[in-house]
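Visitor: I would like to learn how to read the features of a model like this one. Please take them one at a time.

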Amino acid sequence: MNHLYPIFLKVHELNILLIGGGNVGTEKLEFLLKSSPKAQVTAVSREFSQSFIDLAETTDTVTMIEDVYHEKYLGAKHIVIAATDDKAVNRQIQDEAKERFLLVNVADTPDLCDFYLGGIVTKGNLKVAISTNGKSPTAAKRLRQLLEDVLPEELDDLLDNLNAYRETLKGDFEYKVKAMNEITEGLVKKSS
Ligand SMILES: C[C@@]1(CC(=O)O)C2=NC(=C\c3[nH]c(c(CCC(=O)O)c3CC(=O)O)Cc3[nH]c(c(CC(=O)O)c3CCC(=O)O)/C=C3\N/C(=C\2)[C@@H](CCC(=O)O)[C@]3(C)CC(=O)O)/[C@H]1CCC(=O)O
Ligand SMILES: NC(=O)c1ccc[n+]([C@@H]2O[C@H](COP(=O)([O-])OP(=O)(O)OC[C@H]3O[C@@H](n4cnc5c(N)ncnc54)[C@H](O)[C@@H]3O)[C@@H](O)[C@H]2O)c1
């Protein structure tokens, strides 16, 4: 069964705690910033790899704290991502985050995750998130690459135009739904 429910988080307005500044931590930060360049991230790690530091320094929204994990770092956070190479520490982070009802992701350990990070395609205002329910992150990556390639950049113009048209509609809600459905009908019509 696939029980996952995708949501689109405004991570520039939420506080994320990322623990572990090595290979996996860098990968998670890279994909986070690629999609959300102003993501508010506090990174705590015993030590940070040079690639993590280089990446973190590309934005002023990532703060690095060189320290071992302590539960005090969970304070004032909404979301936690554990990416240390110490399984016991990752488990401790998960336990202590759950006690505080925080949403937690233990990178690369599906059983300990409240949510998965997905493959993400951005075309202006359009955002497509991809998950394989944890079955194959590589397939999520390949699908992301495929969709990045086939979804035209013009999609964003289309969304802008539809938004402008929607603003011109004067009728009630029902009228607007009908008008929007009519004008977008061609998007899903199969040519015979
Ligand atoms: C999508 C993406 C987003 C991101 O990272 O932001 C992402 N993993 C990516 C790449 C990737 N990760 C790994 C490989 C090496 C190949 C391989 O091992 O398969 C590659 C491919 C590569 O790097 O080429 C290693 C790996 N990952 C997980 C496990 C454990 C397991 O599967 O049991 C292992 C084995 C660890 C080990 O061997 O010990 C688990 C998870 N990885 C997820 C997300 C979540 C499920 C997403 C879904 O539902 O599909 C989940 C469940 C939890 C999480 O981490 O959130 C990102 C692609 C971004 C992009 O390119 O667009
Ligand atoms: N590198 C990969 O591509 C990969 C692939 C699959 C699985 N994994 C697994 O993922 C885990 C992380 O791998 P990695 O390559 O990122 O390791 P890494 O050694 O590059 O990074 C681990 C980071 O965690 C930090 N750390 C360790 N204990 C800490 C603590 N108590 N508090 C704060 N920070 C702490 C270290 O300082 C380091 O920066 C490992 O268990 C590894 O086996 C890695």
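Visitor: How many residue pairs are in polar contact between domain 1 and domain 2?

Guide: A polar contact is a pair of N or O atoms within 3.5 Å; within protein, one must be able to donate a hydrogen and the other to accept it, and residues adjacent in sequence count only if both atoms are side-chain atoms. Between domain 1 and domain 2 there are two such residue pairs, both at pLDDT 80 or more. By class, the side of domain 1 that touches domain 2 has two nonpolar residues, one polar and one charged. In this scheme Ala, Val, Leu, Ile, Met, Phe, Trp, Tyr, Cys and Pro are nonpolar, Asp, Glu, Lys and Arg are charged, and the others, Gly among them, are polar.

Visitor: What does the model score, and on what terms is it read?

Guide: This is a predicted model, in which local features need pLDDT of at least 70, side-chain atom pairs count only at pLDDT 80 or more, and totals for chains, interfaces and linings use all residues. Residues are numbered from 1 along each chain as its sequence is written, chains are lettered from A and ligands numbered from 1 in the order in which they are written, and side-chain values use heavy atoms, with hydrogens and water left out. The scores are ipTM 0.93 and pTM 0.94. The average pLDDT (the predictor's confidence in each residue, from 0 to 100) of the protein chain is 96, and 99% of the residues score at least 70.

Visitor: Which domains does the assignment give?

Guide: Domain bounds come from an automatic or database domain assignment. Here the protein chain has domain 1 (15-116), domain 2 (118-151) and domain 3 (155-184).

Visitor: How much area is buried between domain 1 and domain 2?

Guide: Buried area is the accessible area (1.4 Å probe) that two parts lose on being put together, summed over both. For this pair the figure is about 460 Å², with carbon and sulfur atoms giving 40%. Of the area that domain 1 buries against domain 2, Lys34, Ser35 and Tyr116 supply 81%, more than any other three residues.

Visitor: Which side chains meet in a salt bridge?

Guide: The term requires a side-chain nitrogen of Lys or Arg within 4 Å of a carboxyl oxygen of Asp or Glu. Lys34 and Glu148 meet this way, at 3.1 Å from N to O. The count between domain 1 and domain 2 is one salt bridge.

Visitor: Which side-chain atoms lie 2.6 Å from an oxygen atom of ligand 1?

Guide: An N or O atom in the side chain of Lys141 does, and so does one in the side chain of Arg144. For Glu27, the distance from a side-chain N or O atom to an oxygen atom of ligand 1 is 3.1 Å.
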